[in-house]
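Here is a friendly briefing to read alongside the model. Keep the 3D view open and follow the topics one by one.

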Amino acid sequence: MWPWRCPLFDESFPLVVYVLTVLAAYFTFTGFEVAGTAVTAGDITLFTGLMCCGALCVEATRRLGQPSGVWRDLLSAWWLPVALLLPPLYALIAPAVLGLLIYVRVRRGALYRRVFSTAALGLAGAGASALFRLLAPAVAQAQAADWLTYPGPKAWLMRPQQAGLAVVCAVAFIVLNTCLVAIAAWLADPDARLADMLWDRERMLLDLTETCVGILVTIACALSAILVLVALPPVILLQRSLLHSQLKAQARTDPKTGVLNAGAWQGEAALAIARAQRHREPLALLLADVDHFKMVNDTHGHLTGDAVLRTLATEMREQVRESDLVGRFGGEEFVILLTATGVAEACQVAERIRRGACVVKVLTPDTIVGVTVSIGVAALGSHGADLFELLAAADIALYRAKNTGRDRVCVYDPADKASGATGATGMTGVPGMMGTPGMTSAPGMTPASGMTPASGMTPASGMTPASGMTPASGAPQLN
């Protein structure tokens with residue numbers, strides 16, 4: 001209604017309250033620290049040097065861009081020394097300095113998200129700084145300022161317990177910041193699981209790496225400010241690798257549903273099928289299609305249709321294992337590869353998905369929207385020997401589910417192929433009509449577009465079997 005209105009107020013009420021609460025706490029603590037902190041030339045010099053290093057990291061990775069949603073970087077390698085070597089005031093200010101640079105030079109997303117990320121990082125840094133001073137009160141106040149800013153060359157070696165306390169405070173910094181950002185992301189998308197945003201084995205390993213890097217930079221600063229220049233190049237390299245992995249993962253993900261896009265799913269499925277054939281393990285494929293989805297778009301609008309697809313994708317991921325592959329094949333079609341699964345168990349999974357789709361609803365200002373799905377099932381070996389044949393068989397089974405009343409699960413029957421039926425997504429059951437040599441499938445294409453057989457697929461290197469993007473580690477922020 002008003003051009004100056006902040007996009008934050010278009011979000012859900014719990015998210016608005018949470019963000020405003022975090023911002024209020026940040027500005028309150030900042031004002032308190034401004035009034036009670038004595039500023040010294042040594043503190044300003046060290047703070048300026050660390051911020052310059054952070055700015056160089058931002059500029060060195062600027063051309064890579066930044067992922068949307070929750071993303072992570074390695075700038076905490078500079079925020080952590082600020083928190084441990086300087087008073088809490090500087091830990092509150094540091095994210096604002098680099099956050100403004102990121103907003104101006106890298107990505108101008110929603111301003112309230114950038115401000116919230118700054119507040120979360122500032123509160124986490126100030127908490128770690130206050131905790132470090134609480135746990136290490138043995139140093140006299142007159143010596144503390146000199147030690148924290150320009151210590152002797154063996155200060156950390158002579159007091160190794162300080163390094164242990166620094167590690168504890170660094171872990172507290174990462175945990176607090178992760179919790180603050182994960183709660184905001186979960187309030188923005190309640191369908192996602194909060195536990196997945198807080199805990200992940202790969203994320204924990206990279207968090208540990210980030211902590212070690214921050215501690216090493218802190219020790220370098222404590223020994224000599226010149227050593228920061230030695231730490232700068234490896235931190236820039238790690239920062240670039242971290243952002244590159246996140247952007248690569250985002251490129252494999254369907255933006256509307258969060259599951260794998262068609263190209264990424266095809267590459268992952270080809271690898272899984274080859275592995276199953278090599279180890280002689282069972283494998284099944286499910287092809288699901290939303291019933292009367294065009295009616296949803298025509299009646300309630302495409303935004304509601306996108307919300308329906310996103311809700312269904314979340315439900316499908318919850319009904320399968322992490323090792324299973326969930327992808328979107330375009331439009332309202334989803335494909336699921338079930339590893340180490342036979343026909344009977346695949347039918348049970350498909351039935352759970354079908355029942356779950358009937359239960360989930362999408363709320364609109366006017367009504368409640370619900371849909372049903374039809375699912376075709378095919379198994380490796382008995383219904384097909386490669387990805388191409390499995391997709392064709394599952395498509396024919398899906399066509400039978402559509403023709404016999406929708407909202408049901410059908411297993412591939414060779415009799416359907418003998419009748420020359422055309423699949424629900426346009427795939428034909430007549431042999432020789434698909435899989436022309438040399439044809440490749442582009443991301444987002446349906447199986448009717450001429451998918452290359454599994455033997456000719458070349459999956460991109462570095463792909464991991466995930467049902468959605470798993471962000472890399474580092475200090476999480478919102479875009």
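Predicted model: local features only at pLDDT ≥ 70, side-chain atom pairs only at ≥ 80, totals over all residues.

Residues are numbered from 1 along each chain as its sequence is written, and side-chain values use heavy atoms, with hydrogens and water left out.

**The chain overall**
- The secondary structure comes to 17 helices and nine strands; both are DSSP runs numbered from the N terminus, with helices being H or I of at least four residues and strands E of at least two.
- Of the 479 residues in the chain, 50% are buried, where buried means under 20% relative accessible area, exposed over 50%, and partly exposed in between, with a 1.4 Å probe and protein chains only.
- Among contacts with a separation of 6 or more, 76% are between residues 24 or more positions apart; contact means heavy atoms within 4.5 Å.

**Helix 4 with helix 5**
- Two packed helices are described by the angle between their axes and the distance between the axes.
- Helix 4 (residues 88–105) and helix 5 (residues 111–135) pack at about 155°, with axes 7 Å apart; axes are lines fitted to C-alpha atoms, for helices over the stretch in contact, and angles run from 0 to 180 degrees between N-to-C directions.
- Helix 4 and helix 5 are therefore roughly antiparallel, given that angles under 35 degrees count as roughly parallel, over 145 as roughly antiparallel, 65 to 115 as roughly perpendicular and the rest as oblique.
- On the helix 4 side, the contact residues include Pro88, Ala91, Leu92 and Pro95, and on the helix 5 side they include Leu111, Arg114, Thr118 and Leu121.
- By class, this contact of helix 4 with helix 5 has twelve nonpolar, five polar and two charged residues; Ala, Val, Leu, Ile, Met, Phe, Trp, Tyr, Cys and Pro count as nonpolar, Asp, Glu, Lys and Arg as charged, and the others, Gly among them, as polar.

**Helix 12 with helix 16**
- The axes of helix 12 (residues 262–279) and helix 16 (residues 387–403) come within 10 Å and cross at roughly 110°, and the two helices are therefore roughly perpendicular.
- Trp265, Gln266, Ala269, Ala270 and Ile273 of helix 12 meet Leu387, Leu390 and Leu391 of helix 16.
- The contact of helix 12 with helix 16 has seven nonpolar, one polar and no charged residues.

**Helix 1 and valine 22**
- The 24 residues of helix 1 should span 34 Å at 1.5 Å a residue, and its end C-alpha atoms are 35 Å apart, which agrees; the expected span is 1.5 Å times one less than the number of residues.
- Valine 22 sits in helix 1 (residues 13–36) and is buried, with a relative accessible area of 7%.
- Not counting residues up to four places away in sequence, valine 22 touches Phe116, Ala119, Ala120, Leu123 and Leu180.
- Valine 22 and leucine 180 are 158 residues apart in sequence, yet 8.4 Å apart in space, C-alpha to C-alpha.

**Helix 15 and valine 343**
- Valine 343 lies in helix 15 (residues 343–359) and is partly exposed, with a relative accessible area of 31%.
- Leaving aside neighbours within four places in sequence, valine 343 is in contact with Ala379, Ser382, His383 and Val411.
- Valine 343 and alanine 379 are 36 residues apart in sequence and 5.8 Å apart in space, C-alpha to C-alpha.
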